[in-house]
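Here is a short note for a colleague who is opening this structure for the first time. Please read the points with the model on screen.

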Amino acid sequence: MHSANTARINGNCMENLKFYLLTDTHYFEESLGASGKAYEEYMKTEAFYMKESSEINKAVFKELKEDKETELIIIPGDLSKDGEYESHKSLIKELNALKDAGKKIFVLTAGHDYNEFGRSYNNDEFVQVKGTELKELYNLYYEFGFKDALSLDEETYSYIAEIAPQTRILALNCDSKKECKGLIDERLLSWAKEQLEKAREEGAYVIAMCHYPIIPSVPVFDLVGDAHVKNWREIASFLADNGVELVLTGHMHIQSINEFVTEAGNKLVDICTATTVGTPAKYRKIEIASNGRMDVKSIDVTGFALPDNFNSYEEFFDWRFDYSIKNKIRKILDGGNGVGKVLKKIGLRVLNSIKLGTISRILFIRIDKSLKEKKLIDFAGEIGTAIFKGDQPFVEGTSEFMAVKKALERFDFILKKVEPKFSKNGVEVDLTTMILNTIGNNKGYSDNNALINLKGNINL
Ligand SMILES: [Fe+2]
Ligand SMILES: [Fe+2]
């Protein structure tokens, strides 16, 4: 039996590969406790929801259950809030219900899934709760990937499994050691190479998942160590040159799609998806046709009871992001002593009040009238939010792009001085281009809803 998605190509009967992709569920078992003064204090600088996370994720799972056409679900890590054992138990209950409804779920565990202790918040204090050891995750999530493993790397719990006829997922765990996060070392690469060679010999198509993005989500994240796997160009080339065209990632809580072409001309596409419990709060539905045409759709996380003081789900998620970022900045600029304290106070006042019009006068640059009354802190916030939502709108031709470009030109002599310090392994860094390509999506396709051509050769 073939569904409506069946296509006949060259006389072969081929079906599309369809799956849901959600990540960084950061599930927290609410009955552990999430209230009181210590909790409120903690949440001042937390960008995603904790107490509400189980309700939010349950709303997503309900939608997945209702879609009878799509049975595959892929979750690349950070399943629990911070490794609380009870959070895993509750999440697994939900995953089991999905399994009973006919879903096939493949997860990867990551840094937030194992911890000596978890934290809950009761009676104005934080309380240590039972954590989860890395090795416990194998048994806990046995039904959701490990059981179907054709091969398992016992050191990292990376695995390869069949997800559809002649189609495998290579789950590469780069986040199994707290002391070297984002690392895919030579040993793991040689295990992966063996698996990819075997898949090729057996005519199976392989897609990969990894918790950390392989390709930096936006150009400036290339300079941020924790924003991508270590030696990302090497890892991207390894995957693409060994037949992997697509990798599904998370960790950055960001919506991005990026392509990397190797020296040999092979392409890797990295789809990084946001957390379900913080802005921009999305999950994805992906369909790959046998001819390699990939249709990526992003779906807003909704469907849970919205608190009365919010008018929309977007407002609800954005508020938390905005509130936590502003508190983080305040924290950085708070405290100190003596001259440091005075300077920080002045810095905070300037940051909170200075307008773009004032900055343009200081720098002797002309900016569009519409921007002059905008506060720097609000402008920075808009850019930051746009980066995490993907499809950043500040492309060439917009007044925001021109304002940033002119400001960067004023600092050109400083940028040129620091650029060599950022250059590594012979890859030169051009900070101006990097920043301008970060505030505007110039890739020619959307980070949220895109049609992308893979080579395909999926033969279901
Ligand atoms: Fe995460
Ligand atoms: Fe993470």
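**Notes on a strand and its neighbours, and on salt bridges**

1. Start at one pair of residues: Leu-246 stands opposite Val-269 in β14. Keep in mind that this is a predicted model. Strand β14 covers residues 267-272. It runs parallel to β12, and four bridges join the two.

2. Now look at the other partner of β12. Strand β11, residues 205-210, pairs with β12 in the parallel sense, over two bridges. Met-209 has Leu-248 as its bridge partner in β12. Between β11 and β12 the chain passes through helix α6, residues 232-241. This β-α-β crossover is right-handed.

3. Are the faces of β12 covered or open? Both are covered. The strand spans residues 246-249. Leu-246 and Leu-248 lie on one side, Val-247 and Thr-249 on the other, and all are buried.

4. Turn to charged side chains. Side chains of opposite charge can pair when their charged atoms come close. How many salt bridges does a search of the whole structure find? The count is 31.

5. One of them joins the side chains of Lys-285 and Asp-67, at 2.9 Å from N to O. Lys-285 sits in strand β15 (residues 282-288), while Asp-67 is in the loop between α2 (53-66) and β4 (72-75). The two are 218 residues apart in sequence, so the pair ties together separate parts of the chain. Which partner is buried? Asp-67 is, with a relative accessible area of 12%. Lys-285 is partly exposed, at 25%.

6. Next, check Glu-314 and Lys-389. They form a salt bridge, and their closest N and O atoms are 3.0 Å apart. Here too the pair links distant parts of the chain: Glu-314 belongs to helix α7 (residues 313-332) and Lys-389 to helix α10 (residues 376-389), 75 residues apart. Lys-389 counts as partly exposed, at 21% relative accessibility.

7. Salt bridges can also share partners. Asp-153, Glu-155, Lys-177 and Arg-187 are joined into one network in this way.

8. Finally, see Glu-133 and Lys-135. Their salt bridge has its closest N and O atoms 3.1 Å apart. Glu-133 is partly exposed, at 44% relative accessibility. Lys-135 has a relative accessible area of 55% and is exposed. The cut-off for exposed is over 50%, so Lys-135 passes it.

Key. Residues are numbered from 1 along each chain as its sequence is written. Chains are lettered from A and ligands numbered from 1 in the order in which they are written. This is a predicted model: local features need pLDDT of at least 70, side-chain atom pairs count only at pLDDT 80 or more; totals for chains, interfaces and linings use all residues. Side-chain values use heavy atoms; hydrogens and water are left out. Buried means under 20% relative accessible area, exposed over 50%, partly exposed in between (1.4 Å probe, protein chains only). Two strands pair if DSSP finds at least two bridges between them. A crossover is right-handed if, with the strands pointing away from the viewer, the path from the first strand over the helix to the second runs clockwise. A salt bridge is a side-chain nitrogen of Lys or Arg within 4 Å of a carboxyl oxygen of Asp or Glu.
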